[in-house]
2 protein chains.
Amino acid sequence: MRVPPPGSPLVAVLGGGQLGRMLALAGLPLGLRFRFLDPSPEATAGAVGELVVAALDDPAGLAQVAEGARAVTYEWEGVPAEAARRLEGRRPVLPPPIALEVTQDRAHEKELCRVLGLPTAAFRLVDDRQGLDQAAADVGLPAVLKTRRGGYDGKGQAVVPDRDHLERAWSEVEGRPAILEAHVPFTRELSVLAVRSRDGTTASWPLVENHHSGGILRGSIAPAPALSAELQQQGEAIATAILEHLDYVGVLAVELFELEGELLVNELAPRVHNSGHWTIEGAETSQFENHLRAILGWPLGSTAAVAHSAMVNCIGARPAPEQVLAVPNTHFHDYAKVPRPGRKVGHITITASTSEELDSLLARLQGLPGTTEEAVA
Amino acid sequence: MRVPPPGSPLVAVLGGGQLGRMLALAGLPLGLRFRFLDPSPEATAGAVGELVVAALDDPAGLAQVAEGARAVTYEWEGVPAEAARRLEGRRPVLPPPIALEVTQDRAHEKELCRVLGLPTAAFRLVDDRQGLDQAAADVGLPAVLKTRRGGYDGKGQAVVPDRDHLERAWSEVEGRPAILEAHVPFTRELSVLAVRSRDGTTASWPLVENHHSGGILRGSIAPAPALSAELQQQGEAIATAILEHLDYVGVLAVELFELEGELLVNELAPRVHNSGHWTIEGAETSQFENHLRAILGWPLGSTAAVAHSAMVNCIGARPAPEQVLAVPNTHFHDYAKVPRPGRKVGHITITASTSEELDSLLARLQGLPGTTEEAVA
């Protein structure tokens with residue numbers, strides 16, 4: 001490794017996946033250096049910074065990644081909160097570890113929403129099989145049973161359409177502490193990405209409309225079609241309440257349900273988020289750059305959209321760059337990961353000056369490897 | 001170094017300065033890997049790829065950098081043409097080495113323009129002191145005496161305002177083969193960046209207005225203010241003629257003088273160029289991405305401007321990121337180089353929706369370290 005010039009600040013990142021990689025790609029132009037902690041020697045962020053190969057709770061690995069860092073951040077909400085806590089005394093760890101503690105347990109997340117008066121689906125905590133029956137009676141069916149901890153991309157979840165499926169759902173969560181959430185007959189799924197700086201300034205990007213399949217985000221449209229000022233304001237108010245309550249610094253993603261013009265909080269991610277990838281080309285400042293500006297105490301950049309954008313994930317397979325780039329206005333992001341079923345290996349963003357143009361360009365991506373429904377299975 | 005996933009194409013770059021660094025920052029999202037050849041172990045591109053430390057004409061270094069590369073390119077017009085030729089039999093070397101041979105000698109460059117009927121300043125070749133007198137008589141004074149080879153950023157040049165300065169100018173070029181160019185009383189300096197793909201498709205970005213001081217580019221406005229369709233067409237025609245004549249692949253920069261609505265060719269750079277940095281944020285596709293798309297045989301992206309942009313170089317000193325980013329719509333590019341007088345260590349791009357907004361934002365950068373006139377000295 002070459003000797004970095006004096007004054008080239010180092011950012012330590014817990015986790016070395018594509019979010020870490022994109023953080024570095026946003027930060028390298030700003031003169032930053034990056035060091036990642038990841039259990040895999042093939043972590044994709046290793047191409048854009050130093051890579052410390054160790055478990056995310058390994059004390060020596062944690063000490064090594066944070067050594068000399070201006071700030072420590074994380075790119076995965078599954079980073080052990082204790083690991084973040086351990087570093088907190090030595091370096092600024094941002095977002096604050098409390099954000100990990102809250103979001104790693106769906107019960108804490110729901111409690112946070114209750115305290116702040118933010119609407120969510122009706123829910124009950126479920127600790128045993130009997131509790132599940134009671135919860136089903138309380139919130140009604142259909143509902144979704146989710147483990148309190150450890151679920152992501154649709155894992156650790158079971159849909160319960162009726163009482164006959166309770167037993168099967170219980171076996172799917174393997175008896176772990178869970179939460180039963182009433183099914184929300186939402187109009188659509190949205191998310192709001194927001195950022196808070198060290199001085200308490202907050203900013204939100206336009207709300208995004210998300211499309212999931214098999215529990216995995218397939219694509220996003222930004223700004224969300226037919227986004228009213230009222231809905232934007234509602235989404236921003238939700239994000240801002242959480243940011244301020246947690247004395248949060250960095251980017252936060254809030255997944256939302258829209259139901260009859262009202263927003264319900266679905267779940268939180270205390271990090272840059274897949275539904276914010278469109279901001280790289282579609283916003284004045286990307287989520288990645290603003291996350292770094294926030295945690296380093298630099299002024300935030302504008303979160304205004306500069307185009308109509310669509311983001312499409314490449315899952316399980318990688319399209320050839322020449323296929324993607326043959327469609328006008330596409331921006332291809334290949335994470336340089338070995339494709340496996342259900343694995344996000346890249347994304348494509350299309351920018352357009354009108355939503356009609358966006359739709360017509362988006363249609364031309366149809367059928368590319370990784371963008372089809374089958375890729376999720 | 002981690003094992004790259006299968007199918008992650010490698011691009012070899014001769015030279016490892018900021019242009020190489022920005023090529024990699026554009027190519028990493030496309031899933032590319034980079035390997036650089038540079039004599040300095042501190043070459044700034046080393047942060048974003050493998051670095052082979054050797055002279056640019058070192059046979060072992062050349063073999064090593066090109067090993068397994070999908071394509072070989074260069075980021076400096078001073079790369080020895082023989083080095084590029086040596087690799088040509090083994091790998092695609094693009095732009096073709098002929099472009100280095102032509103642009104490394106001002107006499108060849110002028111001859112190319114003559115063959116293509118492209119207007120330039122009046123000039124004479126100067127091989128000795130007597131030849132200089134004759135050249136001055138032929139092209140008239142004021143004029144500029146330039147070494148035929150090896151000059152950049154104003155080095156190897158001497159202004160000759162009148163006959164009394166001939167002796168001094170001659171001593172400044174140290175008796176090397178030179179060229180005397182008539183002074184062009186230009187209205188302004190412009191440049192055109194153009195790209196040609198492997199299949200012969202060409203595209204040009206909007207012409208840029210450039211501001212030099214002490215022979216170094218200080219800043220650019222893009223598109224050039226009051227750019228008429230005629231002027232754009234004239235600039236594109238010049239670039240396209242050169243691209244096609246050389247069977248060129250990649251990005252070419254042509255520096256131009258505007259004189260009474262006509263364009264004269266000043267000089268060529270067979271590479272991505274400082275006056276094209278604005279394209280990172282200001283154009284649909286950046287010069288860096290399109291250079292890579294061209295040399296890899298991928299479809300080119302749109303060269304349309306998406307904003308009014310101004311690019312300001314940071315020379316000899318680095319402003320603090322928080323100072324730069326406090327100005328709205330700024331995009332900071334810190335090359336992570338140790339500042340030295342006259343050395344380009346970064347640039348700032350401002351994007352705006354109107355030229356008035358651009359001017360007012362630009363005024364707010366005044367006085368930042370590296371952006372002042374003194375920094376050039």
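Helix H1 (residues 18-27) of chain A is largely enclosed by the rest of the structure, because 10 of its 10 residues are buried. Buried means under 20% relative accessible area, exposed over 50% and partly exposed in between, with a 1.4 Å probe and protein chains only. The buried residues of H1(A) include Gln18(A), Arg21(A), Met22(A) and Gly27(A). Helices (H or I, at least four residues) and strands (E, at least two) are DSSP runs, numbered from the N terminus.

The model is predicted: local features need pLDDT of at least 70, side-chain atom pairs count only at pLDDT 80 or more, and totals for chains, interfaces and linings use all residues. Residues are numbered from 1 along each chain as its sequence is written, chains are lettered from A and ligands numbered from 1 in the order in which they are written, and side-chain values use heavy atoms, with hydrogens and water left out.

**Helix packing in chain A**

Two packed helices are described by the angle between their axes and the distance between the axes. Axes are lines fitted to C-alpha atoms, for helices over the stretch in contact, and angles run from 0 to 180 degrees between N-to-C directions. The axes of H2 (residues 59-66) and H3 (residues 81-88) of chain A cross at roughly 50° and come within 10 Å. H2(A) is therefore oblique to H3(A); angles under 35 degrees count as roughly parallel, over 145 as roughly antiparallel, 65 to 115 as roughly perpendicular and the rest as oblique. On the H2(A) side, the contact (heavy atoms within 4.5 Å) is made by Pro59(A), Leu62(A) and Ala66(A), and on the H3(A) side by Ala83(A), Arg86(A) and Leu87(A). These residues divide into five nonpolar, no polar and one charged. Here Ala, Val, Leu, Ile, Met, Phe, Trp, Tyr, Cys and Pro count as nonpolar, Asp, Glu, Lys and Arg as charged, and the others, Gly among them, as polar.

The axes of H5 (residues 106-116) and H8 (residues 229-245) of chain A come within 11 Å and cross at roughly 105°, which means that H5(A) is roughly perpendicular to H8(A). Leu112(A), Val115(A) and Leu116(A) of H5(A) meet Ala241(A), Ile242(A) and His245(A) of H8(A). This contact comprises five nonpolar residues, one polar and no charged.

**Aromatic pairs**

Over all chains, the whole structure holds four aromatic pairs. Rings of Phe, Tyr and Trp (its six-membered ring) pair if their centres lie within 6.5 Å; planes under 30 degrees apart count as stacked, over 60 as edge-to-face and the rest as tilted. Two of the pairs are tabulated.

| Pair | Centre distance | Plane angle | Class |
|---|---|---|---|
| Phe34(A) and Phe36(A) | 6.2 Å | 15° | stacked |
| Phe186(A) and Phe257(A) | 4.9 Å | 5° | stacked |

Phe186(A) lies in the loop between strands E8 (178-182) and E9 (188-196) of chain A and Phe257(A) in strand E13 (residues 250-259) of chain A, so the pair ties together parts that are 71 residues apart in sequence. Phe186(A) is partly exposed at 32% relative accessible area, whereas Phe257(A) is buried at 9%. Phe34(A) is buried at 3% relative accessibility, and Phe36(A) is buried at 0%.

**Backbone features**

Most residues other than glycine have a negative phi, and most peptide bonds are trans. The bond from Leu141(B) to Pro142(B) is cis, with omega near 0°, and the bond from Ala222(B) to Pro223(B) is cis, with omega near -15°. Glu260(A), not a glycine, has a positive phi of about 50° and is exposed at 73% relative accessibility.
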